[in-house]
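Visitor: I am new to this structure. Please take me through one part of it closely, and show me what surrounds that part.

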Amino acid sequence: MKIGVMLPVGDGEGPGGRAPEWAQVREVALAAERAGLDSVWLADHYFYRAPDGSTYGMHEAWTLLSAVAAVTTRVELGTMVLCGSFRDPGLVAKMAATLDLVSGGRVVLGVGAGWHDPEYEAFGLPTDHRVGRFAEWLEIVARLVRGETVDFAGKYHQVRGASLVPPPDRRIPILVASRRPRMLELAAKWADAWNTAWFGPVDERVRERLRDLQSAVAGAGRPADAVAPTVGITVRDQDQPVAEPAADAISGTVEELAAAIKDYEALGVDHLIASLEPVTPRSVDRLAKAKELAAT
């Protein structure tokens, strides 16, 4: 089972509660590579607005991911997840092919339909028929990165004789984050991997989500192992201060974290993606030590 980490990207993850500087993002990415973890990931939002009206800013995910590609050599590079509403499908496919070239074939194109209305409304994006729009968007992206010349006349997107030139050197894996039936159907049809998040120790919610994926893949007529299950977990180092700790997180000793990792592996999870509290090289090293213990 692979294990990766979310890189810092937004307010609260940098010094003094601000957004991280590039030096911090680079430091965490290099710590993950040095420690033997498998992947690094970035969230994709304009901002997040809490129910009390507080707004938390974020850096742009793809620009940061490109910079991370240039300073790393081994770890996979993923988006958790790129919002389909923010960018044209042809542009996203072109971006993925180019970054895969730059990184030497390390991109995992994680995508989703989006959900946070305040950022949509602030930037004039439509909030109606979000899944319907994403279904068309995803088909175009998936077919393009898999080398097809695409003709598509949908309600929301149209392309004619579209292809990636030059084509990607490999089949770039697509990950879809989903939970509800329509999105699960799309993941089962088009994805190479699927994600559900965010969890602490294994519980019945995780097991139910995995069963839902298995049912969707069977319903799509694909082999049972066609879509690799990935799970986002929250991991807290209680010896480091956290301003706003998540309610549900894996905490405790490194040995207890290793036990939790084993529990996820026993469920058949292909990749764990950890949101660290706090996001520091120390937290990365702690996760890597737990990974080593879990493998023994």
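**A close look at the helices and the core**

Guide: Start with Arg34, which sits in helix α1 (residues 22-35). This is a predicted model. Arg34 has 61% relative accessibility, so it counts as exposed, the cut-off being over 50%. Along the chain, Arg34 and Val75 are 41 residues apart. Their C-alpha atoms are separated by 9.5 Å.

Helix α9 covers residues 281-294. It has 14 residues, and at 1.5 Å a residue they should span 20 Å. The end C-alpha atoms of α9 are 20 Å apart, which agrees. Several residues of α9 are buried: Ser283, Val284, Arg286, Leu287, Ala288, Ala290 and Ala294.

Now turn to helix α3, residues 89-103. The same check works here. Its 15 residues should span 21 Å at 1.5 Å a residue, and its end C-alpha atoms are 21 Å apart, so the two agree. The buried residues of α3 are Pro89, Val92, Ala93, Met95, Ala96, Ala97, Leu99, Asp100 and Ser103. Their cover includes helix α2 (61-71) and strands β5 (76-79), β6 (82-83) and β7 (107-112). Helix α5 is also part of that cover.

Helix α5 has a partner too. The axes of α5 (residues 130-145) and α6 (residues 181-190) come within 11 Å and cross at roughly 10 degrees. That angle is under 35 degrees, so α5 is roughly parallel to α6. On the α5 side, the contact is made by Val131, Gly132, Phe134, Ala135, Leu138, Glu139, Ala142 and Arg143. On the α6 side, Arg182, Met183, Leu186 and Trp190 make it. By class, this contact has 8 nonpolar, 1 polar and 3 charged residues.

Next comes the core. In soluble globular proteins, nonpolar side chains tend to be buried together. Here, the largest nonpolar core has 94 residues. Leu109 and Tyr264 touch the most other members. Helix α5 gives the most to this core, with 8 residues.

Look at Leu109 last. Leaving aside residues up to four places away in sequence, Leu109 touches Trp62, Thr79, Leu82, Val92, Ala96, Val141, Ile172, Pro173, Ile174 and Leu175. Two of these, Val92 and Ala96, are among the buried residues of α3.

Conventions:
Residues are numbered from 1 along each chain as its sequence is written. This is a predicted model: local features need pLDDT of at least 70, side-chain atom pairs count only at pLDDT 80 or more; totals for chains, interfaces and linings use all residues. Side-chain values use heavy atoms; hydrogens and water are left out. Axes are lines fitted to C-alpha atoms, for helices over the stretch in contact, and angles run from 0 to 180 degrees between N-to-C directions. Helices (H or I, at least four residues) and strands (E, at least two) are DSSP runs, numbered from the N terminus. Angles under 35 degrees count as roughly parallel, over 145 as roughly antiparallel, 65 to 115 as roughly perpendicular and the rest as oblique. Contact means heavy atoms within 4.5 Å. Ala, Val, Leu, Ile, Met, Phe, Trp, Tyr, Cys and Pro count as nonpolar, Asp, Glu, Lys and Arg as charged, and the others, Gly among them, as polar. Buried means under 20% relative accessible area, exposed over 50%, partly exposed in between (1.4 Å probe, protein chains only). The expected span of a helix is 1.5 Å times one less than its number of residues. A nonpolar core is a set of buried Ala, Val, Leu, Ile, Met, Phe, Trp, Tyr and Cys residues joined through side-chain atoms within 4.5 Å.
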